[in-house]
Amino acid sequence: MQIRRAVPADSPAVAPLLGQLGYPTTAADLDARFARVAGSPYDAAWVAVEDPSGAVAGFAAGHVRSPFELDAPVAELTALVVDETRRGTGAGRALVATVEDWALAHGCVRITVSSAFRREGAHAFYERLGYEQRAKKFDKSLPAS
């Protein structure tokens with residue numbers, strides 16, 4: 001398994017993975033998202049690629065922000081998914097390690113991840129990697145403009 005930066009050409013392979021995560025999308029929508037963050041040093045995505053086939057087995061995205069309440073930036077792991085037929089292969093662990101390394105290279109002092117209440121397996125996975133539940137998160141959808 002190799003981890004590399006995701007590119008727009010990965011969109012057809014990544015779209016079904018995001019669907020497995022509960023965020024159905026299309027390759028065209030992903031292309032637009034790649035374009036939205038192109039050139040940003042604060043937004044990045046990676047894929048886990050199987051050897052020797054080159055098939056995309058997993059996907060992760062990370063973002064860096066600079067909150068006013070802290071003196072250093074923080075990172076957020078906003079998407080992590082491994083194909084349901086390839087879970088348990090180490091792809092998720094490798095993707096998380098890659099995002100953490102990227103966050104450290106950006107001077108981040110913390111990394112956060114959100115996970116739906118129903119994803120108990122994901123919660124156990126993150127806890128095994130040293131993540132702790134420290135807060136309760138609230139979301140509100142805003143009207144489209």
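In the predicted model, R65 is found in strand β3. With a relative accessible area of 43%, R65 is partly exposed, since this value falls between the 20% limit for buried residues and the 50% limit for exposed ones. Once neighbours within four places in sequence are set aside, the contacts of R65 are with P73 and V74. A122 lies 57 residues from R65 in sequence, and the C-alpha atoms of R65 and A122 are separated by 24 Å in space.

The loop between β2 and β3 contains P52. The peptide bond that joins D51 and P52 is cis, with an omega of about -10°. A further backbone feature occurs just after α1, where G22 adopts a positive phi of about 105°. As a general rule, most residues other than glycine have a negative phi, and most peptide bonds are trans.

Helix α1 spans residues 11-21 and helix α2 spans residues 27-37; their axes come within 8 Å and cross at roughly 105°. Helix α1 is therefore roughly perpendicular to α2, as the crossing angle lies in the range of 65 to 115 degrees assigned to that class. On the α1 side, the contact is made by S11, P12, V14, A15 and L18, which meet A27, L30, D31, R33 and F34 of α2. By residue class, this contact of α1 with α2 comprises seven nonpolar, one polar and two charged residues. The buried residues in α1 are S11, V14, A15, L17, L18 and L21. Packing of the buried residues of α1 involves β2, β3 and β4 as well as α2.

The largest nonpolar core consists of 20 residues, of which L77, L80 and L95 touch the most other members. At least two residues of this core come from each of β2 (43-49), β3 (56-65), β4 (74-82), α3 (91-105) and α4 (120-128). The greatest contribution to this core is that of α3, with six residues. When residues up to four places away in sequence are not counted, L80 touches L21, F59, A60, G92, L95, V96, F125 and Y126. Another core, of 16 residues, lies apart from the largest one and includes V56, F59, A61 and A79.

Aromatic pairing was also examined. The structure holds three aromatic pairs. In the pair of W46 and W102, the ring centres are 5.4 Å apart and the planes stand at 75°, so the geometry is edge-to-face; the angle exceeds the limit of 60 degrees that applies to this class. Because W46 belongs to strand β2 and W102 to helix α3, the pair ties together parts that are 56 residues apart in sequence. W46 counts as buried, at 5% relative accessibility, and W102 is likewise buried, its relative accessible area being 8%. One aromatic cluster is formed by F125, Y126 and Y131.

Conventions
Residues are numbered from 1 along each chain as its sequence is written. This is a predicted model: local features need pLDDT of at least 70, side-chain atom pairs count only at pLDDT 80 or more; totals for chains, interfaces and linings use all residues. Side-chain values use heavy atoms; hydrogens and water are left out. Axes are lines fitted to C-alpha atoms, for helices over the stretch in contact, and angles run from 0 to 180 degrees between N-to-C directions. Helices (H or I, at least four residues) and strands (E, at least two) are DSSP runs, numbered from the N terminus. Angles under 35 degrees count as roughly parallel, over 145 as roughly antiparallel, 65 to 115 as roughly perpendicular and the rest as oblique. Contact means heavy atoms within 4.5 Å. Ala, Val, Leu, Ile, Met, Phe, Trp, Tyr, Cys and Pro count as nonpolar, Asp, Glu, Lys and Arg as charged, and the others, Gly among them, as polar. A nonpolar core is a set of buried Ala, Val, Leu, Ile, Met, Phe, Trp, Tyr and Cys residues joined through side-chain atoms within 4.5 Å. Buried means under 20% relative accessible area, exposed over 50%, partly exposed in between (1.4 Å probe, protein chains only). Rings of Phe, Tyr and Trp (its six-membered ring) pair if their centres lie within 6.5 Å; planes under 30 degrees apart count as stacked, over 60 as edge-to-face and the rest as tilted.
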